[in-house]
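This briefing covers helix packing and aromatic pairs. The sequence and model come first.

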Amino acid sequence: MAEPYYITAAALRTALGVNSTTLPDATADALIVQAEDWIDSMLGAWYPDETTGRKILQADVLAWQWSKLNRATIKAAGALYNTPALFTQSRYRKESGPDFSVEDPQGGGALAPALTLLNASGLRR
């Protein structure tokens, strides 16, 4: 399994107000990796780093951007902790093709705080 990069298990537990008994490192790391994958998908056209597998490296961004990326990851991992099926649910009530259209977004409210932070970071492309 990939190692968490944007945040640590301890930071996630602190944000959620739980301890290591309630949220062990292995479980926290799994949530973080899923959240980081979602964050990276929202960032757009960045090339992943070969060593971390992540699109953003701390050394390549300003401190305030890194802070917003951390907070967005915590929000996404927290939403996933509270709703484990969040990333597997359908995103829209109605989808159609072949040119593709969608109607009535659902479930996006849980991830809105993370998207707001990503937009504020200036890192989304």
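The model is predicted, so local features need pLDDT of at least 70 and side-chain atom pairs count only at pLDDT 80 or more, while totals for chains, interfaces and linings use all residues. Residues are numbered from 1 along each chain as its sequence is written, and side-chain values use heavy atoms, with hydrogens and water left out.

**Helix α2 against helix α4**

- Helix α2 covers residues 25-43 and helix α4 covers residues 112-121; helices are DSSP runs of H or I with at least four residues, and strands are E runs of at least two, numbered from the N terminus.
- The two helices pack at an angle of about 50°, with their axes 11 Å apart; axes are lines fitted to C-alpha atoms over the stretch in contact, and angles run from 0 to 180 degrees between N-to-C directions.
- That angle makes α2 oblique to α4 (under 35 degrees is roughly parallel, over 145 roughly antiparallel, 65 to 115 roughly perpendicular, and the rest oblique).
- From α2, W38, I39, M42 and L43 meet A114, L115 and L118 of α4, where contact means heavy atoms within 4.5 Å.
- These contact residues comprise 7 nonpolar, no polar and no charged (Ala, Val, Leu, Ile, Met, Phe, Trp, Tyr, Cys and Pro count as nonpolar, Asp, Glu, Lys and Arg as charged, and the others, Gly among them, as polar).

**Helix α2 against helix α3**

- Helices α2 and α3 pack at about 120°, with axes 8 Å apart.
- That makes α2 oblique to α3, and α2 passes α3 in a right-handed crossing.
- On the α2 side the contact includes L31, Q34, A35, E36, W38 and I39, and on the α3 side L69, A72, T73, A76, A77, L80 and Y81.
- The residues of this contact divide into 10 nonpolar, 2 polar and 1 charged.

**Aromatic residues**

- The whole structure holds 4 aromatic pairs (ring centres of Phe, Tyr or Trp, the last by its six-membered ring, within 6.5 Å; planes under 30 degrees apart are stacked, over 60 edge-to-face, the rest tilted).
- W38 and F87 are stacked, because their ring centres lie 6.0 Å apart and their planes are at 10°.
- W38 is in helix α2 and F87 in the loop between α3 (63-82) and β1 (92-96), 49 residues apart.
- W38 is buried at 11% relative accessible area, whereas F87 is partly exposed at 27% (buried is under 20%, exposed over 50%, partly exposed in between, with a 1.4 Å probe and protein chains only).
- Y5, Y6 and W66 form one aromatic cluster.

Notes. Left-handed = near helix turned anticlockwise from the far one by under 90°.
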